Amino acid sequence: MRRMIQAFTAVVAVGLLTTACGTSGSPSGSTDSGAAGSSAAGSAKSAPADTAKSAAKVLPVAIDGPQKDVVQRGGGDALKVTPAPDSKAPVVEKVEHALREDVLSAAHVPGTTSAKCADGITMKAGAVSQCVVTYEGAEIPYEVKISDKYTEGSFVFSYTKTQKKALLVAKEIYNRFHERYGSTSTASRLACDEIPAAKTFDFGADTGYTCQYWSEHGTKDGKPGYVTVKVRIGSTRGSIALDEVR
């Protein structure tokens, strides 16, 4: 199972670290922060029952447009953590700040974050430090590894940060589902399960959550009905698979 590892070059002066380049996913049910449900801002609301055309259960969150809180690539400062640490801040403070922004860049939705590297950052060649970032209450563990080429007292070195769990964000899933099916002429009545605002999973995991859309040829025998779409975590950071089940 692959993990997304991101490399960063850092500049250290008098024992302080300055990132030299800008910052750019537990088993099911490990951490979550409550259901987003019909309160998801923008275009998710309770789905109407539909007993006239299909006996299939209608999922509770109707998706009738893009999620207004989702920030697309190049969204400016919306996914930045401010204020940033100043040049005299400790190394650990700067790393924690970078990790918070890393999570926000993957979530694509502004949210409350925090980060803690409980034992600090060990400044030795090849040293690995453990950190935990929270996003809307969900905990995402990270490993921070100092470059094997680091020389004590060096002014320039690099480190990598590895996200150990995938983050599922409800509004991002609702938005992706709408992007995939909302503009097609063969799909209508989009809806999803109530997904927690944020929750962590193993990479590659089936989340257990589903969405659905209505199609005139939605059943196995080509008759009108709902098509179920499973939400699955991909094998790399930020990847989500929407798998149709017929």
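**A close look**

Guide: Let's start at Arg-189, which sits in strand β10 (residues 188-192). Strands here are DSSP runs of E with at least two residues, while helices are runs of H or I with at least four, and both are numbered from the N terminus. The model is predicted, so local features need pLDDT of at least 70 and side-chain atom pairs need 80 or more, though totals for chains, interfaces and linings use all residues. Residues are numbered from 1 along each chain as its sequence is written, and side-chain values use heavy atoms, leaving out hydrogens and water.

Arg-189 has a phi near 55°, a positive value in a residue other than glycine. Its relative accessible area is 35%, so Arg-189 counts as partly exposed (buried is under 20%, exposed over 50%, partly exposed in between, with a 1.4 Å probe and protein chains only).

Next comes Tyr-135. The largest nonpolar core has 29 residues, and Tyr-135 is among the four that touch the most other members, with Leu-99, Ile-121 and Leu-167. Such a core is a set of buried Ala, Val, Leu, Ile, Met, Phe, Trp, Tyr and Cys residues joined through side-chain atoms within 4.5 Å. Helix α1 gives the most to this core, with seven residues. Leaving aside residues up to four places away in sequence, Tyr-135 has contacts (heavy atoms within 4.5 Å) that include Val-103, Leu-104, Ile-140 and Leu-167.
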